[in-house]
Number of protein chains: 2
Amino acid sequence: MTRPTLNFGQAEYDSRLSKTRVAMQALGLDLLIVSDPSNMHWLTGYDGWSFYVHQCVVVPLDGPPIWFGRSQDARGALRTCYMQPSNILGYPDEYVQSTRCHPMEYLATQLADRGKARGQIGVEMDNYWFSAAACAALETGLPNATLVDATALVNWQRAVKSEAELALMRQAGQIVGRMHQRIFDTVGVGMRKCDLVAEIYDAALRYDDELGVGGDYPAIVPLLPSGADASAPHLTWDDRPMKAGEGTFFEIAGVVKRYHCPLSRTVFLGRPTQAFLDAEKAVQEGMEAGLEKARVGNSCEDVALAFFAVLEKYGITKDNRAGYPIGLSYPPDWGERTMSLRPGDTTVLRENMTFHFMTGLWMEDWGFEITESIRIGLDGPECLADVPREMVVIE
Amino acid sequence: MTRPTLNFGQAEYDSRLSKTRVAMQALGLDLLIVSDPSNMHWLTGYDGWSFYVHQCVVVPLDGPPIWFGRSQDARGALRTCYMQPSNILGYPDEYVQSTRCHPMEYLATQLADRGKARGQIGVEMDNYWFSAAACAALETGLPNATLVDATALVNWQRAVKSEAELALMRQAGQIVGRMHQRIFDTVGVGMRKCDLVAEIYDAALRYDDELGVGGDYPAIVPLLPSGADASAPHLTWDDRPMKAGEGTFFEIAGVVKRYHCPLSRTVFLGRPTQAFLDAEKAVQEGMEAGLEKARVGNSCEDVALAFFAVLEKYGITKDNRAGYPIGLSYPPDWGERTMSLRPGDTTVLRENMTFHFMTGLWMEDWGFEITESIRIGLDGPECLADVPREMVVIE
């Protein structure tokens, strides 16, 4: 049998599993059911666009994890997970999107067969991939077990990055720099948004001889709203031509082997309005103030408060968070959904945590984003990309 | 205020709402909470990559639907939904990915304020976007209501396409043809997968002067595994060069304004093995047999059984379904998750239902896909794309 393709050494997977088990024991769990594809990949190497059907990794306190998913995807698990075939379990296709039976019923019987259908079983209650119906089916199918909320238990273990992970994120940082350069080189009045997105994907994906890698797909597609559309942070694109007198922010990420480096910049076609010039100044100064706080021992809110204080000085109110942790991700989110850079989050920053410092502004009828992805260092942050921190004006 | 950009006329949205209400009444619902972004878009026009936080559309039996989501995304709702601002409700950012409060708690209080926190309330229990935690928060927050499983209630209303929807799907069919042509024109031994994906995105996205549209993002990224990797249906890509003596299937979709036309073809670099030649023959003949059954009045299983019967004649067993309905979609799935083309599904085919006839084979150490996306017609199916139904051999 072909050995699976793994992006990390076995020692790294072993260490991830150990960290997860410590957290499981702290929560009093006997077993953990991991539905989030990012967590599944981090723990086992599993890769593939199969998360549109129910699947999970089951982590016992001893012994290897078990991959559970659709039978046809078990072949993908054999090719991407480090576990032996006896720990790859497929369920029959009749369970797929059926109203008569649920994959979690099948999982419950498999757990019972292995003597694992008892005790405290952790599940990711608030996760896209653990639906209310999946929870109900497990509750019915596991009468001798108690389901315990273990949302983000594995996500938290992912917060501090290994050197091997950081190496991928730095490559992703190089790629996102290349993507922004392509935008600056090609954007202009009359260019259709869809054509610009084609340029962005091209720069994101092509093999880079210098880096020795090609690009992977992002967990969020490019966001590039213009003018008043940029007042909304999550519009994607259409096929209309770009107009003079409008600002456009580009929220995009370079991705290498599922590891992300998001980065946003703003382009103005024509002479920027005073609002844009003011926003640039405030965000640049606020960014500096926040980065100054982004060091080991400070907290998440320290970074946010420093940034918000500068904005307030400029009379700008940002009523949403200023960032979130990043790393390995599958759609729909390149954030890790643990910490937030916002008032009230007193999580202490540790070395090699990584964040997207999301300093974006979405105002009444315009938007502006100049952001950085950073690694928390002992003496301050490392910016993972190297793109001039300024608005690009094309007159 | 700027009027929102809508892809369909108000009459079409009104008709969608009416159909949904008939289904709600049949299920005895007083209110429906719609979490699936495809259903939200279909009902209201809402568009944006914001489904990584909790959001929904609330459908009462009378009066306009209510959009509910993160405050910053409410600006996106104002720009894409047809409802008045008073029916666009944002929740504060502190509810985002918090362990202290849940957006569904906030929704419950909003429903109570509007006198809608009682009776039978439908929720999409088995949906990526309605987590177990969301369900629990609603149950707690709505003590005077009963939550009723309404999974796929709206999805079913989407099954029969309007002429306006079919027009978009036919454009998407043209685009997927352009994408396959690009693959055939550029693929070869030594080409890196990531570079080929860049070509695919380019062909998917660029504005087409003849069609008068540019491309949108697909709900599933390109799948293009080679050799033994093609035994797994859902691997994506890496940055390694393509090799001689391997087959690669390309499962991709053209997308226009969120409407999809998926289509798969297979390329063999070098002289195809007998297994590939046999698979091509069996799939072509099986496809014809299935298409013959794809007409109004027949059932989903009729199509699948006709296809499987031909495969069996050739000694090939396919132990997974042979297709699913398609149309409007957001990640992670371009299927509609209602019917399946498989034995046991006796749903009767109606005019203008649309399916991806998924005739793919994933065998022990190879894979093969030649598929069609079809519209069910009175006298037989219409293929939405026009790509020669044969394996492409590049020697």
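A polar contact is a pair of N or O atoms within 3.5 Å; within protein, one must be able to donate a hydrogen and the other to accept it, and residues adjacent in sequence count only if both atoms are side-chain atoms. Keep that in mind for the third view. This is a predicted model, in which local features need pLDDT of at least 70 and side-chain atom pairs count only at pLDDT 80 or more, while totals for chains, interfaces and linings use all residues. Residues are numbered from 1 along each chain as its sequence is written, chains are lettered from A and ligands numbered from 1 in the order in which they are written, and side-chain values use heavy atoms, with hydrogens and water left out.

**View 1. The sheet of chain B.** Look for six strands forming an open, mixed sheet in the order β4-β3-β2-β1-β5-β6 (chain B). Here helices (H or I, at least four residues) and strands (E, at least two) are DSSP runs, numbered from the N terminus, and two strands pair if DSSP finds at least two bridges between them. At the edges sit β4 (88-91) and β6 (145-149) of chain B, each pairing on one side only. Strand β3 (residues 66-70) of chain B runs parallel to β4(B), and four bridges join the two. Within this pair, Phe68(B) stands opposite Leu89(B).

**View 2. Two helices on the sheet.** Helix α1 (residues 10-26) of chain B lies across β1 (31-34) and β2 (56-60) of chain B, at about 70° to β2(B). Helix α2 (residues 37-44) of chain B also packs on the sheet, where β1, β2 and β3 of chain B are touched by it, and its direction makes about 50° with that of β2(B). Axes are lines fitted to C-alpha atoms, for helices over the stretch in contact (heavy atoms within 4.5 Å); angles run from 0 to 180 degrees between N-to-C directions.

**View 3. Where chain B meets chain A.** Here 78 residues of chain B are in contact with 78 residues of chain A. The rule finds 49 residue pairs in polar contact across this interface (both at pLDDT 80 or more). Helix α8(B) gives the most to the side of chain B that touches chain A, with eight residues.

**View 4. A salt bridge between the chains.** Which residue of chain A meets Asp229(B) in a salt bridge? The partner is Arg79(A), at 2.6 Å, N to O. A salt bridge is a side-chain nitrogen of Lys or Arg within 4 Å of a carboxyl oxygen of Asp or Glu, and four are found across the interface of chain B and chain A.
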